[in-house]
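Please look over the structure below before reading on. A short report follows it.

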Amino acid sequence: MALPGAFSPSQWSLLPEETVLAPELCVEPPLTSRAEVALDVNTMADLCDSPVPPKETRTMTSPAPKPAAKKSARTLVTVATYNERENLPLLVEEIFRHAPDVDLLVIDDNSPDGTGAWCDEAATREPRLKCRHRTGKLGLGTAILAGMKHALEHGYDYVLNMDADFSHHPRYLPAILEAMEKQPAADVAIGSRYVAGGGVEGWPLKRQLMSRAVNCYARWLLWLSARDCSGAYRCYRTSLLKKIDLDAVRSRGYSFQEEILWRARRAGARMREVPIIFADRTRGTSKINSREAREALWVIFRLGVFGR
Ligand SMILES: Nc1nc2c(ncn2[C@@H]2O[C@H](COP(=O)(O)OP(=O)(O)OP(=O)(O)O)[C@@H](O)[C@H]2O)c(=O)[nH]1
Ligand SMILES: [Mg+2]
């Protein structure tokens, strides 16, 4: 039986036009093997079909960065960190190598491993880098939100968030930024595991299935047409964020990704997905736990069924 507020696969076509991820809103895969990106939002069944990711060598650094699209838009990249001392130095280097025109804000929650201290020291040598410190571990969602508010307060055109653990490789930055510009311009560009050309490396089958299931769940309950609704590698146009009441966001943790897409859809956002290969972290430890996962499922349920 369908849940109140949920809708059946045949109702996808009833979504307002601007919320549907039309095929032309998918950019071509930036990787060597180009696969046609076709978004059929009329069926839920294909949501759970695993696209076959192209073979790619996993390295932290990549030899020949493609420069980011030349553009005048001011972009703030935000990275939330909690105990990412092993990853952050190389990540900062790689971000500026692939996207030299961006500014970078690290939002650190008083990491016991000294991530914040390293960042402060690095910021004295790198004017594009800033570090914001919070008192303790306050959740990934609130950290991303703090980054969005910083971008709004400082007049940036785009705010692009990514994880610190190299699951979101900086080599995709140029493609994601280009996806914002390509006509018709997008309000949100999503680094997506679940469009053709995208994929996941290094996750056990159980985690892959869980991620797929959460995506199906969120798409159904929240009427989201993006294939990857739970990933954090995304760029937002700040003019879109101005239309969203950021203070009303309920999510503290991982459901932030689904919730902000839901709010963006309701604000009439145009979304575009860019294929990425998501690589499991090789350094540092995971911060997600079962309590956070249960809380995320509950928030999505509440938003979908009660609308708040
Ligand atoms: N500031 C801040 N950052 C956080 C918090 N929780 C997680 N993060 C960061 O958010 C990003 C994603 O967290 P991960 O632990 O990688 O979560 P995940 O990607 O779902 O899980 P794994 O890849 O398995 O580790 C990383 O950059 C973390 O350091 C938090 O409470 N505060
Ligand atoms: Mg991670």
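In which helix is His 98 found?

## His 98 and the model

His 98 is found in helix α1, residues 88–98; helices (H or I, at least four residues) and strands (E, at least two) are DSSP runs, numbered from the N terminus. This is a predicted model, in which local features need pLDDT of at least 70 and side-chain atom pairs count only at pLDDT 80 or more, while totals for chains, interfaces and linings use all residues. Residues are numbered from 1 along each chain as its sequence is written, and chains are lettered from A and ligands numbered from 1 in the order in which they are written.

His 98 is buried because 21 other C-beta atoms lie within 10 Å. A residue is called buried if 20 or more other C-beta atoms lie within 10 Å of its own, exposed if 12 or fewer, and partly exposed in between, with C-beta atoms placed from the backbone. His 98 and Tyr 172 are 74 residues apart in sequence, yet their C-alpha atoms are 8.2 Å apart.

## Strand β5

Strand β5 covers residues 188–192, and five of its five residues are buried. Val 188, Ile 190 and Ser 192 point one way, and Ala 189 and Gly 191 point the other way. In a regular strand, side chains alternate between the two faces of the sheet.

Two strands pair if DSSP finds at least two bridges between them. β5 runs antiparallel to β7 (residues 234–237), joined by three bridges, and Ala 189 stands opposite Cys 235 there. With β8 (residues 271–275), β5 pairs in the parallel sense over five bridges; here Ser 192 is opposite Pro 275.

## The nonpolar core

A nonpolar core is a set of buried Ala, Val, Leu, Ile, Met, Phe, Trp, Tyr and Cys residues joined through C-beta atoms within 7 Å. The largest one has 74 residues, and Ile 176 and Ala 189 have the most contacts inside it. Residues in contact have C-beta atoms, placed from the backbone, within 7 Å. Not counting residues up to four places away in sequence, Ala 189 touches residues including Ile 176, Met 180 and Val 274.

## Ile 300

Ile 300 lies in helix α8, residues 290–306. Why is Ile 300 classed as buried? The reason is that 26 other C-beta atoms lie within 10 Å. Leaving aside neighbours within four places in sequence, Ile 300 is in contact with Tyr 217, Ala 218, Leu 221, Leu 222, Ser 255 and Glu 258.

How values were computed. Contact = placed C-beta atoms within 7 Å.
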